[in-house]
Amino acid sequence: MCLAIPMKLVERDELGGVAEVDGVQRQVSLIFVPEAEKGDFVLVHAGYAISQVDEEEAAKSLELLREYSDSMVDL
């Protein structure tokens with residue numbers, strides 16, 4: 001199973017940048033989404049931003065991931 005995490009692009013250069021979620025920052029390649037700009041939300045998988053999502057969709061996805069994570073703690 002593959003999982004992409006919505007992250008906010010906080011820095012960018014030509015074909016790379018730094019994305020952040022919950023205070024965690026990661027270097028990401030922007031080769032698949034060269035149009036992404038600082039402040040945009042991108043789906044990150046294996047160090048690559050693979051698509052852009054709007055802020056509302058990113059928030060919904062993160063909430064679902066948090067709910068799932070919280071439910072696993074109770075097991």
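1. A starting definition for the surface figures: accessible areas come from the Shrake-Rupley method with a 1.4 Å probe. On that basis, the protein in this predicted model has an accessible surface of about 5200 Å², and carbon and sulfur atoms hold 54% of that area.

2. Welcome to the fold. The protein contains 5 strands and 1 helix, and their order along the sequence is β-β-β-β-β-α.

3. On overall dimensions, a box of roughly 45 × 25 × 20 Å along the principal axes holds the C-alpha atoms. Among contacts with a separation of 6 or more, 34% join residues 24 or more positions apart.

4. Next, the interior. Of the 75 residues, 28% count as buried. The largest nonpolar core has 12 residues: M7, L9, A19, V21, V28, L30, V33, A36, V42, V44, A49 and L62. At least two residues of this core come from each of β1 (5-12), β2 (16-21) and β4 (41-45). In soluble globular proteins, nonpolar side chains tend to be buried together.

5. Setting aside neighbours within four places in sequence, L62 is in contact with I5, P6 and V21.

6. Most residues other than glycine have a negative phi. D22, however, has a positive phi near 50°, and A46 has one of about 55°. D22 sits in the loop between β2 and β3 (24-29), while A46 belongs to the loop between β4 and β5. D22 counts as exposed because its relative accessibility is 60%, above the 50% cut-off. A46, at 63%, counts as exposed as well.

7. Finally, which residues does G47 touch, not counting those up to four places away in sequence? They are Q27, V28 and S29. G47 lies in the loop between β4 and β5 (48-53), and its C-alpha atom is 6.3 Å from that of S29, although the two residues are 18 apart along the chain. With a relative accessibility of 32%, G47 counts as partly exposed, as this value falls between the 20% and 50% cut-offs.

Terms used
Residues are numbered from 1 along each chain as its sequence is written. This is a predicted model: local features need pLDDT of at least 70, side-chain atom pairs count only at pLDDT 80 or more; totals for chains, interfaces and linings use all residues. Side-chain values use heavy atoms; hydrogens and water are left out. Helices (H or I, at least four residues) and strands (E, at least two) are DSSP runs, numbered from the N terminus. Buried means under 20% relative accessible area, exposed over 50%, partly exposed in between (1.4 Å probe, protein chains only). Contact means heavy atoms within 4.5 Å. A nonpolar core is a set of buried Ala, Val, Leu, Ile, Met, Phe, Trp, Tyr and Cys residues joined through side-chain atoms within 4.5 Å.
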